[in-house]
Every structure is written in C-alpha cells, then in structure tokens.
Amino acid sequence: MKARREHVHRRISQSLACFAVDGDCFDAPYHFHPEIEIALIREGSGTRIIGDAMASFQCRDLCLIGENLPHLYCGQQPEGVRARAEVIQFSREEWGGLFDTLPEMRRIAELLDRSGRALRFPDAL
C-alpha cells in the first residue's frame, strides 16, 4: 500500500490545525504529512496502521504521530456508535524553536523526537 502526501489545511494566521472527525466510520486514506499529529479517539474503534505497525484502537486512545510517518485509521462502527476523534496537526518549525530552546519544553521536545515511530497513550482520558 502506497501512502499519499496530504496537505494540512490551516489559515496563514494559525500555527496549528485542529479539527474533529465525526462520521459513521473511520476511513481516511493511508497518508503522510510533514506535520506532527496528535489524535484522540473520542468514540469508536477499529484498526490503526502507523508506519509498518498495525494495531487495534478504541475510545480514549491517544497517539502522537511523527513527521512524515504514514498512517491511517479505519473501522466500520456498529449501529448507534459514531466514529469520533479530535486531531491537532502542527509543524515543529512553525513554533520557532520553542520546543528546543526553552528549558520548560525539554520533555516535550524529547517526546516529539521519539514520535518518529509514533507514541501511543492508551486510556488517555
């Protein structure tokens, strides 16, 4: 399966993109983008492919997906269950070195460095 490059849409005045997914199923194509992504599953379940790893996901699953890392979430939901997620996408460079220069942000910078293979935080909420 070949990943396609996705263009992340955000306004010129915005340093990150935030959006909600709400539908009958998770059906985004296998894609990648230069932005880091934080995805929180609010409702639903299915299969997640990130890089060369495949795993199931469920409600309250939180993932930090690194730059240019191909990924997809897929899963048809049973009747009465929605496919809902909150997604934040941002470019580390857009923040002007904030993560790398401020001592208070050192731990976040380390997490971002480790996100190249994706980090999962199960039962985040």
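This report describes the nonpolar cores, pockets and cysteines of a predicted model.

The largest nonpolar core has twelve residues: F26, A39, I41, I50, F57, C63, I65, L69, Y73, A83, A85 and A118. Two or more of these come from each of β5 (36-43), β8 (62-65) and β10 (83-90). A second, separate core of eight residues includes L64, F90, M105 and L112. Leaving aside residues up to four places away in sequence, A118 touches I50, L64, I65 and L69.

The largest pocket is lined by 21 residues, of which F19, V21, A28, H31 and V87 are the closest to its centre. At least two lining residues come from each of β2 (16-23), β3 (25-27), β5, β9 (71-76) and β10.

Around the second largest pocket stand I38, L62, C63, L64, I88, F90, F99, I108, L111, L112 and F121. The elements β8, β10 and α2 (106-114) each give two or more residues to this lining.

The structure has zero disulfides. C18 forms none because its sulfur is 17 Å from the closest cysteine sulfur, that of C63, which is too far for a bond. With a relative accessibility of 52%, C18 counts as exposed. C59 is also in no disulfide, and the nearest cysteine sulfur, in C63, lies 14 Å away. C59 counts as partly exposed, at 34% relative accessibility.

Key:
Residues numbered from 1 in each chain as written. Predicted model: local features only at pLDDT ≥ 70, side-chain atom pairs only at ≥ 80, totals over all residues. Heavy atoms only, no water. Core = buried A, V, L, I, M, F, W, Y, C linked by side-chain atoms within 4.5 Å. Buried < 20%, exposed > 50% of the residue type's maximum accessible area, 1.4 Å probe, protein only. Helix = DSSP H or I, 4+ residues; strand = E, 2+ residues; numbered from the N terminus. Contact = heavy atoms within 4.5 Å. Disulfide = S-S within 2.5 Å. 1 Å grid on protein atoms, 1.4 Å probe; cavity = no way out; pocket = protein on both sides within 12 Å on 5 of 7 lines; lining within 4 Å.
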